[in-house]
Amino acid sequence: MKRLSVIIGEFGIAVIEYFTVADYNMNHDILHSFLEKHFERLILGPSLFYLWKNSIRFEISDPLIPYYKKEHLEQAFYRSIRLFEAVFEEEDEILLVTDVHSIKKDIFLQKRPLNVYLKYIKNKEKLYQLSHHPLPSVFDEADDQSVTHRFALSCKKPELKYVQLLKAICYEDFDHPSSILKNNPQSGYDIYFVNLSKEIIFHLYDDRGCDVLASNKESIKFLYEEYNHWILDYDRKEIDLLFK
(Lines give C-alpha, C1' and ligand atoms only; values in the text may rest on other atoms or scores of the structure.)
Protein backbone atom coordinates (compact mmCIF):
# COMPACT_ATOMS: atom_id res chain seq x y z
CA MET A 1 0.00 0.00 0.00
CA LYS A 2 2.59 2.53 1.12
CA ARG A 3 4.94 1.76 -1.75
CA LEU A 4 2.27 2.61 -4.30
CA SER A 5 1.30 5.87 -2.65
CA VAL A 6 4.95 6.95 -2.59
CA ILE A 7 5.39 6.19 -6.29
CA ILE A 8 2.42 8.33 -7.25
CA GLY A 9 3.63 11.11 -4.98
CA GLU A 10 7.13 11.06 -6.42
CA PHE A 11 5.79 11.71 -9.88
CA GLY A 12 4.01 14.87 -8.88
CA ILE A 13 0.44 13.65 -9.18
CA ALA A 14 -0.89 13.37 -5.64
CA VAL A 15 0.01 11.51 -2.49
CA ILE A 16 -2.77 8.93 -2.30
CA GLU A 17 -2.91 6.53 0.59
CA TYR A 18 -5.52 4.01 -0.54
CA PHE A 19 -4.34 2.12 -3.59
CA THR A 20 -4.35 -1.51 -4.52
CA VAL A 21 -2.05 -3.22 -6.99
CA ALA A 22 -5.09 -3.92 -9.19
CA ASP A 23 -6.00 -0.20 -9.25
CA TYR A 24 -2.43 0.78 -10.00
CA ASN A 25 -2.10 -1.47 -13.04
CA MET A 26 -5.68 -1.40 -14.28
CA ASN A 27 -5.43 1.34 -16.89
CA HIS A 28 -2.15 0.02 -18.23
CA ASP A 29 -3.70 -3.44 -18.61
CA ILE A 30 -6.75 -2.00 -20.36
CA LEU A 31 -4.52 -0.15 -22.83
CA HIS A 32 -2.35 -3.20 -23.45
CA SER A 33 -5.38 -5.43 -24.12
CA PHE A 34 -7.01 -2.80 -26.32
CA LEU A 35 -3.93 -2.39 -28.53
CA GLU A 36 -3.41 -6.13 -28.71
CA LYS A 37 -7.00 -6.86 -29.69
CA HIS A 38 -7.79 -3.98 -32.03
CA PHE A 39 -4.44 -2.66 -33.28
CA GLU A 40 -2.28 -5.75 -33.71
CA ARG A 41 -0.09 -4.83 -30.73
CA LEU A 42 0.70 -1.38 -32.08
CA ILE A 43 3.27 0.42 -29.95
CA LEU A 44 2.19 3.96 -29.14
CA GLY A 45 4.85 6.41 -30.21
CA PRO A 46 5.49 9.46 -32.38
CA SER A 47 4.50 9.37 -36.08
CA LEU A 48 1.63 6.93 -35.53
CA PHE A 49 0.28 7.63 -39.01
CA TYR A 50 3.17 5.71 -40.54
CA LEU A 51 2.74 2.76 -38.19
CA TRP A 52 -0.91 1.91 -38.88
CA LYS A 53 -2.77 1.42 -42.17
CA ASN A 54 -6.17 2.82 -41.14
CA SER A 55 -5.11 6.34 -40.34
CA ILE A 56 -5.41 9.97 -41.42
CA ARG A 57 -2.88 12.75 -40.88
CA PHE A 58 -4.40 16.21 -40.65
CA GLU A 59 -2.61 19.51 -41.04
CA ILE A 60 -3.59 21.59 -38.04
CA SER A 61 -1.94 24.92 -38.80
CA ASP A 62 -1.39 26.71 -42.09
CA PRO A 63 2.33 26.61 -43.00
CA LEU A 64 1.82 29.78 -45.05
CA ILE A 65 0.94 31.72 -41.89
CA PRO A 66 4.09 32.72 -39.96
CA TYR A 67 4.20 31.01 -36.57
CA TYR A 68 4.44 34.34 -34.73
CA LYS A 69 1.11 35.53 -36.14
CA LYS A 70 -1.86 34.94 -33.86
CA GLU A 71 -3.79 33.43 -36.78
CA HIS A 72 -1.33 30.52 -36.80
CA LEU A 73 -2.35 29.23 -33.38
CA GLU A 74 -5.96 30.28 -33.78
CA GLN A 75 -6.29 27.89 -36.71
CA ALA A 76 -4.49 25.14 -34.80
CA PHE A 77 -6.90 25.55 -31.89
CA TYR A 78 -9.94 25.56 -34.15
CA ARG A 79 -9.01 22.47 -36.15
CA SER A 80 -7.81 20.37 -33.23
CA ILE A 81 -10.96 21.10 -31.22
CA ARG A 82 -13.27 20.41 -34.18
CA LEU A 83 -11.59 17.07 -34.87
CA PHE A 84 -11.66 16.07 -31.21
CA GLU A 85 -15.36 16.86 -30.90
CA ALA A 86 -16.05 14.88 -34.08
CA VAL A 87 -14.25 11.80 -32.74
CA PHE A 88 -15.40 11.79 -29.10
CA GLU A 89 -18.99 11.75 -27.86
CA GLU A 90 -20.23 12.36 -24.34
CA GLU A 91 -20.53 8.71 -23.27
CA ASP A 92 -17.43 7.32 -25.00
CA GLU A 93 -14.97 5.55 -22.73
CA ILE A 94 -11.59 7.28 -23.04
CA LEU A 95 -8.09 6.50 -21.88
CA LEU A 96 -6.03 9.65 -21.50
CA VAL A 97 -2.45 8.46 -21.97
CA THR A 98 0.59 10.67 -21.39
CA ASP A 99 4.11 9.53 -22.25
CA VAL A 100 6.98 11.55 -20.80
CA HIS A 101 10.34 10.83 -22.41
CA SER A 102 13.45 11.51 -20.36
CA ILE A 103 16.77 10.09 -19.29
CA LYS A 104 16.67 7.77 -16.29
CA LYS A 105 18.67 10.01 -14.01
CA ASP A 106 16.41 12.99 -14.62
CA ILE A 107 14.25 13.37 -11.51
CA PHE A 108 12.29 16.45 -12.62
CA LEU A 109 8.96 14.63 -12.19
CA GLN A 110 9.76 14.22 -8.52
CA LYS A 111 10.22 17.97 -8.15
CA ARG A 112 7.41 19.43 -10.22
CA PRO A 113 3.90 18.16 -11.08
CA LEU A 114 3.25 16.87 -14.57
CA ASN A 115 0.22 19.19 -14.75
CA VAL A 116 -1.76 17.12 -17.20
CA TYR A 117 -4.13 15.27 -14.91
CA LEU A 118 -4.18 17.73 -12.01
CA LYS A 119 -4.86 20.61 -14.34
CA TYR A 120 -7.16 19.14 -16.99
CA ILE A 121 -9.26 16.56 -15.11
CA LYS A 122 -12.28 18.27 -13.57
CA ASN A 123 -12.95 15.79 -10.77
CA LYS A 124 -9.81 15.35 -8.68
CA GLU A 125 -11.24 12.14 -7.18
CA LYS A 126 -10.49 10.56 -10.57
CA LEU A 127 -6.80 10.80 -9.75
CA TYR A 128 -7.22 7.79 -7.48
CA GLN A 129 -7.47 5.75 -10.69
CA LEU A 130 -4.33 7.14 -12.28
CA SER A 131 -1.74 4.59 -13.40
CA HIS A 132 1.98 5.06 -13.88
CA HIS A 133 4.10 2.55 -15.78
CA PRO A 134 7.80 3.04 -16.67
CA LEU A 135 8.73 1.69 -20.10
CA PRO A 136 11.87 1.39 -22.19
CA SER A 137 12.29 4.37 -24.47
CA VAL A 138 9.64 4.26 -27.22
CA PHE A 139 12.27 5.72 -29.56
CA ASP A 140 14.89 3.04 -29.01
CA GLU A 141 14.38 0.06 -26.69
CA ALA A 142 18.11 -0.62 -26.79
CA ASP A 143 18.81 2.77 -25.21
CA ASP A 144 19.23 1.84 -21.56
CA GLN A 145 19.84 5.45 -20.52
CA SER A 146 16.36 6.67 -21.49
CA VAL A 147 12.91 5.90 -20.15
CA THR A 148 9.31 6.62 -21.08
CA HIS A 149 7.01 7.30 -18.12
CA ARG A 150 3.51 6.30 -19.17
CA PHE A 151 0.54 7.69 -17.25
CA ALA A 152 -3.01 6.59 -18.03
CA LEU A 153 -6.43 7.52 -16.72
CA SER A 154 -9.89 6.31 -17.67
CA CYS A 155 -12.41 9.11 -18.18
CA LYS A 156 -15.18 10.51 -20.36
CA LYS A 157 -15.30 13.67 -22.44
CA PRO A 158 -17.34 15.76 -19.93
CA GLU A 159 -14.70 15.00 -17.27
CA LEU A 160 -11.94 16.55 -19.37
CA LYS A 161 -11.01 20.18 -19.86
CA TYR A 162 -10.18 19.11 -23.38
CA VAL A 163 -10.26 22.54 -25.01
CA GLN A 164 -7.61 23.83 -22.64
CA LEU A 165 -5.55 20.64 -22.95
CA LEU A 166 -5.58 20.69 -26.75
CA LYS A 167 -4.46 24.31 -26.68
CA ALA A 168 -1.65 23.43 -24.27
CA ILE A 169 -0.42 20.75 -26.69
CA CYS A 170 -0.46 23.27 -29.52
CA TYR A 171 1.76 25.53 -27.40
CA GLU A 172 4.47 22.84 -27.22
CA ASP A 173 7.01 24.74 -29.33
CA PHE A 174 6.11 28.15 -27.92
CA ASP A 175 7.24 29.98 -24.81
CA HIS A 176 3.84 30.02 -23.15
CA PRO A 177 2.68 29.42 -19.54
CA SER A 178 0.32 26.66 -20.74
CA SER A 179 3.01 24.51 -22.39
CA ILE A 180 3.05 21.05 -20.83
CA LEU A 181 6.75 20.69 -19.94
CA LYS A 182 7.71 24.35 -19.70
CA ASN A 183 9.85 23.62 -16.63
CA ASN A 184 11.73 20.75 -18.24
CA PRO A 185 12.29 21.48 -21.95
CA GLN A 186 15.00 18.80 -22.28
CA SER A 187 12.31 16.12 -21.94
CA GLY A 188 9.56 15.37 -24.43
CA TYR A 189 6.02 14.10 -24.20
CA ASP A 190 3.14 12.67 -26.22
CA ILE A 191 -0.52 12.68 -25.24
CA TYR A 192 -2.89 10.11 -26.72
CA PHE A 193 -6.67 10.18 -26.42
CA VAL A 194 -7.76 6.57 -26.83
CA ASN A 195 -11.45 6.08 -27.61
CA LEU A 196 -12.15 2.60 -26.26
CA SER A 197 -15.78 2.73 -27.39
CA LYS A 198 -15.11 3.57 -31.03
CA GLU A 199 -11.65 1.93 -31.26
CA ILE A 200 -9.99 5.17 -32.36
CA ILE A 201 -6.70 6.77 -31.28
CA PHE A 202 -6.35 10.56 -31.46
CA HIS A 203 -2.84 11.99 -31.32
CA LEU A 204 -2.39 15.75 -31.62
CA TYR A 205 1.40 15.89 -31.70
CA ASP A 206 1.83 19.68 -31.75
CA ASP A 207 0.50 22.77 -33.53
CA ARG A 208 1.40 21.29 -36.91
CA GLY A 209 -0.57 18.07 -37.11
CA CYS A 210 -2.86 15.39 -35.75
CA ASP A 211 -3.00 11.65 -36.42
CA VAL A 212 -6.28 9.76 -36.14
CA LEU A 213 -6.15 5.96 -36.24
CA ALA A 214 -8.96 3.40 -36.23
CA SER A 215 -9.19 -0.36 -35.99
CA ASN A 216 -11.57 -0.20 -38.97
CA LYS A 217 -11.18 2.47 -41.62
CA GLU A 218 -14.97 2.86 -41.88
CA SER A 219 -14.96 4.34 -38.37
CA ILE A 220 -13.06 7.40 -39.57
CA LYS A 221 -14.28 7.65 -43.15
CA PHE A 222 -16.59 10.48 -42.09
CA LEU A 223 -13.50 12.47 -41.08
CA TYR A 224 -11.94 11.84 -44.47
CA GLU A 225 -15.07 13.11 -46.18
CA GLU A 226 -15.94 16.05 -43.94
CA TYR A 227 -12.43 17.37 -43.30
CA ASN A 228 -10.77 16.30 -46.52
CA HIS A 229 -9.40 19.80 -47.12
CA TRP A 230 -7.45 19.55 -43.84
CA ILE A 231 -5.53 16.43 -44.84
CA LEU A 232 -1.77 16.92 -45.05
CA ASP A 233 -0.91 17.11 -48.75
CA TYR A 234 2.35 15.22 -48.27
CA ASP A 235 0.40 12.09 -47.28
CA ARG A 236 -2.77 12.73 -49.28
CA LYS A 237 -2.11 10.16 -52.00
CA GLU A 238 -1.75 7.32 -49.49
CA ILE A 239 -4.86 8.44 -47.57
CA ASP A 240 -6.93 8.75 -50.76
CA LEU A 241 -5.99 5.20 -51.73
CA LEU A 242 -7.22 3.95 -48.38
CA PHE A 243 -10.70 5.41 -48.73
CA LYS A 244 -11.34 5.21 -52.48
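1. The residues of helix 3 that are buried (under 20% relative accessible area, with exposed meaning over 50% and partly exposed lying in between, for a 1.4 Å probe and protein chains only) are His-72, Leu-73, Gln-75, Ala-76, Phe-77, Arg-79, Ser-80, Ile-81, Leu-83, Phe-84 and Val-87. The model is a predicted one, in which local features need pLDDT of at least 70 and side-chain atom pairs count only at pLDDT 80 or more, while totals for chains, interfaces and linings use all residues. Residues are numbered from 1 along each chain as its sequence is written, and side-chain values use heavy atoms, with hydrogens and water left out.

2. Helix 3 covers residues 70-87, and its 18 residues reach 26 Å from the first C-alpha to the last, close to the 26 Å expected at 1.5 Å a residue; the expected span is 1.5 Å times one less than the number of residues. Helices (H or I, at least four residues) and strands (E, at least two) are DSSP runs, numbered from the N terminus. The partners against which the buried residues of helix 3 pack include strand 1 (55-59), helix 6 (162-170), strand 5 (188-195) and strand 7 (209-214).

3. The structure holds twelve salt bridges, each a side-chain nitrogen of Lys or Arg within 4 Å of a carboxyl oxygen of Asp or Glu. In one of them the side chains of Arg-57 and Asp-211 meet at 2.6 Å, N to O. Because Arg-57 lies in strand 1 and Asp-211 in strand 7, this pair ties together parts that are 154 residues apart in sequence. Both Arg-57 and Asp-211 are buried.

4. A salt bridge also joins the side chains of Glu-90 and Lys-157, at 4.0 Å, N to O. This pair links distant parts of the chain, with Glu-90 in the loop between helix 3 and strand 2 (94-103) and Lys-157 in the loop between strand 4 (146-155) and helix 6, 67 residues apart. Glu-90 is partly exposed, with a relative accessible area of 46%, whereas Lys-157, at 8% relative accessibility, counts as buried.

5. Arg-208 and Asp-206 form a salt bridge in which the closest N and O atoms are 2.5 Å apart; Arg-208 is exposed, with a relative accessible area of 51%, while Asp-206, at 4% relative accessibility, counts as buried. Elsewhere, Glu-89, Asp-92 and Lys-198 are linked in a network of salt bridges.

6. Two backbone entries remain for checking. Glu-40, which lies in the loop between helix 2 (21-38) and strand 1, has a phi near 50 degrees, a positive value in a residue other than glycine, and Glu-40 is exposed, with a relative accessible area of 59%. Glu-199, placed in the loop between strand 5 and strand 6, has a positive phi of about 60 degrees although it is not a glycine, and Glu-199 is partly exposed, at a relative accessible area of 24%.

Terms used:
Contact = heavy atoms within 4.5 Å.
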